[in-house]
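Subject: Structure handover

Hello,

Here is the structure I said I would pass on. My notes on it follow below.

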Amino acid sequence: MKTTRADIEEILQQLTLDEKISLVSGRDAWSTKPIERLGVPSVWVADGPHGLRRAPETYLPGFGDQWPSTCFPTASALAASWNVDLLKTTGELLAKECLAYGVQVILGPGINIKRSPLGGRNFEYFSEDPVLAGELAAAYINGVQQHGVGTSLKHFACNSQEQNRMVVSSNVDERTLREIYLTNFEIAIDKSNPWTVMAAYNPVNGDDATANPFLLTDILQTEWQYDGVVLSDWVSVHLPVKAIKAGLHIEMPGNDGVHVDEIKLALETGALSETTLDDRVRDSLVFAFKAHEQADPTAHVDHEAHHQEAEAIAADCFVLLKNDHNALPLTPEKYNSVALIGEFAVKPRFQGNGSSEVKETKLTNLKDELAQQISVPMSYSSGYRLDDDHDTSLIAEAVKQAQQAEAAIVHVGLPQHYESEGYDRKHLHIPPAQVALIEAVSQVQANTIVVLTNGAPIDMPWHNNVPAILETWLPGQAGATAIAKTLTGVYNPSGKLPETFPVRLEDTPCFLDFPGLDRKLNFSEGVFVGYRWYDARKIEPLFPFGHGLSYTQFELSDLSISSQKVTQGDALTVQVKVTNSGILSGQEVVQLYVHDTDSRLPRPEKELKRFAKIQLAPGETKTLEFELNTRDLSYFDEQQGKWLAESGDFEIRIGNSSQHTPVIGKFTYESAEVLPLGFDVRTTLREWVANEETKPIAYDLVKDFFMTMPHEIVGDLWDFNIKNDFFMD
Ligand code: BGC
């Protein structure tokens, strides 16, 4: 039965002060506190995000002894699908696993912006772009929540580094915060309203994210009108009173009452009001009852069916980085024999380290799966050892086998210990023995195809030596099956990079500012994160944001824009045609970027605003339609404290990668805002003049000032300098 608002108020009235205080902390590792005498249920929360890590009991840690559940591809892979429907499906499957295991909230998705490719937890995050991350998160959340299971959108905010993540303050100017690090959360909250948001470990601009009035009160509650529950990341509350006041609802995990005295004292001295405490408790009560509304004790998961789904999901995420002379797919007509090389082919790396680790229900490997898919002879050699980055003793055998075959598949990437929650990477390299292997094999075998497994970008000094590279990320428990079927053309790759792959670490946006030391991390590259940086600095990446090939080809044409002149408040509709001009069925991701031709502030060369993934049969054409609004043209103006789109010319650039936008349309935007909007003692003459309303006032004031001065002193200053410079258009 649904609990009404009136029921909640009645329960709130009946709670003792001690009970209320007890509710601002969890009960144990994975559950919130129940109040049995009033029927307030406990909520079971569990990691998340790409599978369920359910401990046997809520008080057990759940590492090693977690219940088996389907391991889907991790977030960096899912994001590479650019497929909102796929993210929704993944969410729905996860919800079913939660229902079957009696878990009410899955702790995900994680959507922190990938500021540096070195971030140890990048495999658990979506993208370097806020629109892509926000849209995918919303789809995932809607998928989970439509089955009556909650999510926790994490980690709010600016948690883009692992090293010293509990103490290093992310120092970010407001424009950058708004445009990059909050827009992803804003989109997800607006489009999916997650039941909970998880406040991050790190301080932001000096204030703990769990006790941050700017983030939790001003932005989340007031501006975005978020009415769900804010959980703390696990063991991140140092200032409980400030946290409650700022907007934190539940400290996780349960803290055994260590903060009770401090909270009581604050209530006694008036530092914390009971009304504020009530506000937090009220939301938590609503949450606790809602979490049990759809609990289904008979829910059951068909793990075999979910395994099949995990395979199809993985296949949608793979990015074909390179495919010279159609080296892929493998067909018997092209290659009469194949050498498979790499220990990953028998010991797959399919997920990342840390709190998101799922105990899979089943695991496939590339050696077995490829053997099933191909009809020609296949040899196997390991080529390297996963437990020794430098041992090159296995290369000679791999080279011999590669020489004897017509194509070599070399499966390499980042071993488990290279990337993890809890620490960051120090470089972009894969183990030296694997690099040596690729170099040696590619010298003897022209058809060397590299299959990568890694949660984050790597450098590839060898990329020119090989005709094909397939990025498969950390593809989950059925990933190897999807890889085998992609290599052989059963699946046509359709993923696009959700983050830039740089040539070298020194090219990356925050090379000089990562990781943050001395407890501060200055986001000095500002809004120029990811492709925004490479565009601005004209640095050629190894593979750009949005890039990804297919076994077929697509063409974009016939861009039309609803109006060449757009005034503020008008929607702008953009249409474009996509044609599959190849001979295979496939999916294309169409990406729409906005370019502001002339801006007062430095702006990125282009910014992703819309995207769509579309399936097309050979020869088929479809028309896509995108709608844009004023916010899509805006930057955040710190001085005015608001989003602003300036009057002037804009371009819509549409393509299939951030560096391939062949279809371009132009329009002129007319703003109704008169700038600047606010004045103070530091407002400059130019700013007064920029505003049509204050321009005449400024003219009179300045002219009067010069007229009072003797002409011998000011000379022709007024007539020839000030008037011409400032007031003549
Ligand atoms: C992680 C969270 C996770 C929580 C519970 C924390 O260390 O940052 O993402 O949900 O632990 O495992």
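How do the residues of the lining of the second largest pocket divide into nonpolar, polar and charged? There are 3 nonpolar, 12 polar and 2 charged residues in that lining. Before going further, please keep in mind that this is a predicted model.

Pockets

The second largest pocket holds about 270 Å³ of space. It is lined by 17 residues, and the closest to its centre are Gly548, Leu549, Ser550, Thr552 and Gln553.

The largest pocket has a volume of about 630 Å³. Its lining counts 29 residues, of which Val131, Glu135, Ile187, Arg610 and Asp632 are the closest to the centre. By class, the lining of the largest pocket splits into 11 nonpolar, 4 polar and 14 charged residues. At least two lining residues come from each of helix 4 (84-100), helix 5 (130-145), helix 6 (174-192) and strand 20 (607-616). Helix 6 gives the most, with 7 residues.

Nonpolar cores

The largest nonpolar core has 150 residues, and Phe126, Phe156, Met460 and Trp462 touch the most other members. Helix 5 gives the most to this core, with 8 residues; helix 5 also supplies at least two residues of the lining of the largest pocket.

Which residues does tryptophan 462 touch, not counting residues up to four places away in sequence? The contacts of tryptophan 462 on that count are Ile430, Val435, Ile438, Glu439, Val450, Leu452 and Ile469.

Strands

Strand 8 (residues 229-232) is covered on both faces. Val229 and Leu231 are buried on one side, and Val230 and Ser232 are buried on the other. In a regular strand, side chains alternate between the two faces of the sheet. Strand 8 pairs with strand 5 (residues 196-199) in the parallel sense, over 4 bridges. Within this pairing, leucine 231 in strand 8 is the bridge partner of methionine 198.

Strand 9 (319-323) is another one to look at. Of its 5 residues, 5 are buried, so strand 9 is largely enclosed by the rest of the structure. Strand 9 pairs with strand 14 (residues 468-471) in the antiparallel sense, again over 4 bridges. Leucine 320 stands opposite leucine 470 in strand 14.

Serine 337 sits in the loop between strand 9 and strand 10 (338-341). Is serine 337 buried or exposed? Serine 337 counts as buried because its relative accessible area is 14%, under the 20% cut-off. Leaving out residues up to four places away in sequence, serine 337 touches Val376, Pro377, Gln404, Ala405, Glu406 and Ala407. The C-alpha atoms of serine 337 and methionine 378 are separated by 5.8 Å, although the two residues are 41 residues apart along the chain.

Backbone points to check

Most residues other than glycine have a negative phi, and most peptide bonds are trans.

- Glycine 108 and proline 109 are joined by a cis peptide bond, with omega about 5°. Proline 109 is in the loop between strand 2 (105-106) and helix 5.
- Methionine 252 and proline 253 are also joined by a cis peptide bond, with omega about -10°. Proline 253 lies in the loop between helix 8 (240-246) and helix 9 (260-269).
- Tryptophan 82 has a positive phi, near 50°. Its place is the loop between helix 3 (75-80) and helix 4. Tryptophan 82 counts as buried because its relative accessibility is 1%.
- Asparagine 193 has a positive phi as well, near 45°. It is found in the loop between helix 6 and strand 5. Asparagine 193 counts as partly exposed, at 36% relative accessibility.

Regards

Notes:
Residues numbered from 1 in each chain as written. Predicted model: local features only at pLDDT ≥ 70, side-chain atom pairs only at ≥ 80, totals over all residues. Heavy atoms only, no water. Buried < 20%, exposed > 50% of the residue type's maximum accessible area, 1.4 Å probe, protein only. Pairing = 2+ DSSP bridges. 1 Å grid on protein atoms, 1.4 Å probe; cavity = no way out; pocket = protein on both sides within 12 Å on 5 of 7 lines; lining within 4 Å. Points joined across faces, edges and corners; volume = space filled by probe spheres on them. Nonpolar A, V, L, I, M, F, W, Y, C, P; charged D, E, K, R; others polar. Core = buried A, V, L, I, M, F, W, Y, C linked by side-chain atoms within 4.5 Å. Contact = heavy atoms within 4.5 Å.
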